[in-house]
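Colleague: I would like to learn how to read a fold from its parts. Can we take one model and work outward from a single residue?

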Amino acid sequence: MIYLLPMAPWQKTIPECWDSIMAQTLRGKIVVNFSGGERTNEQLVKLPFIAKCRNELVECVGNEKYSAMIDRDVVLVENNIIETMCEYLEGNPDFGAVGLRELPGGDEKPEHVPLSCVMVRKEVWDTGIRFKDKMPCECLSFIQDVRQAGFKMGYLRNQADIKHLHVFL
Ligand SMILES: [Zn+2]
């Protein structure tokens, strides 16, 4: 298992978020890529940087079976959640990826699972699926591509497993 952290050049890790990764029961190599941003709130401008940053991280996966992609402003509420996500993919080979909810409840087969914290199996990368700078966001086209390749993708479970601090600077 490998941790992949996309970031923008001027961004720093937020202590609360970083600590929640370091506290995880499942250890793994951590790769941070700072190529993911342009100082703007314009999605059309930001999106190519974000997609490219995520794709560069995928190039670091090597033979790791599972990749956890986590945004820098996300706090993992429980310290065994990364291990739980890996166990889920291990037990559900039909799932290509799972994400975590910020709020409890919601659709069981959502159209869109945000990439705030997702666990992706290597077979998904092996099919050649990468992130696209396709509006409105790279997560929407990702879930569509994953499903089109024959994998399932959804949320791990029905509870709030992340706190999203929504820090933009
Ligand atoms: Zn999205």
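Modeller: Start with L89. L89 is buried, because 22 other C-beta atoms lie within 10 Å, and 20 or more count as buried. Keep in mind that this is a predicted model.

Colleague: Where does L89 lie?

Modeller: L89 belongs to helix 3, residues 81-91.

Colleague: Which residues does L89 touch, leaving out those up to four places away in sequence?

Modeller: Y66, F95, V98, M119 and R121. Take R121: it is 32 residues from L89 along the chain, and their C-alpha atoms are separated by 7.3 Å.

Colleague: V98 is on that list. What is V98 itself in contact with, beyond four places in sequence?

Modeller: M85, Y88, L89, V118, M119, G154, Y155 and L156.

Colleague: How should I read a nonpolar core?

Modeller: In soluble globular proteins, nonpolar side chains tend to be buried together. Here the largest nonpolar core has 38 residues. The members that touch the most others are M69, I70, A97, V98, V118, M119 and V146.

Colleague: Now a helix. Which way do its residues point?

Modeller: An α-helix has 3.6 residues a turn, so residues three or four places apart point the same way.

Colleague: Which residues of helix 2 are buried?

Modeller: I50, A51, C53, R54 and L57. These residues cover an arc of only 165° around the axis, so they sit on the same side of helix 2. On the other side, L44 and V45 are exposed.

Colleague: What do the buried residues of helix 2 pack against?

Modeller: Strand 1 (2-6), strand 2 (29-33), strand 3 (66-70) and helix 5 (138-148).

Colleague: In which sense do strand 1 and strand 2 pair, parallel or antiparallel?

Modeller: Parallel, over 5 bridges. For P6, the bridge partner in strand 2 is N33.

Methods. Residues numbered from 1 in each chain as written. Predicted model: local features only at pLDDT ≥ 70, side-chain atom pairs only at ≥ 80, totals over all residues. Buried ≥ 20, exposed ≤ 12 C-beta atoms within 10 Å, placed from the backbone. Helix = DSSP H or I, 4+ residues; strand = E, 2+ residues; numbered from the N terminus. Arc of directions from axis to C-beta. Contact = placed C-beta atoms within 7 Å. Core = buried A, V, L, I, M, F, W, Y, C linked by C-beta atoms within 7 Å. Pairing = 2+ DSSP bridges.
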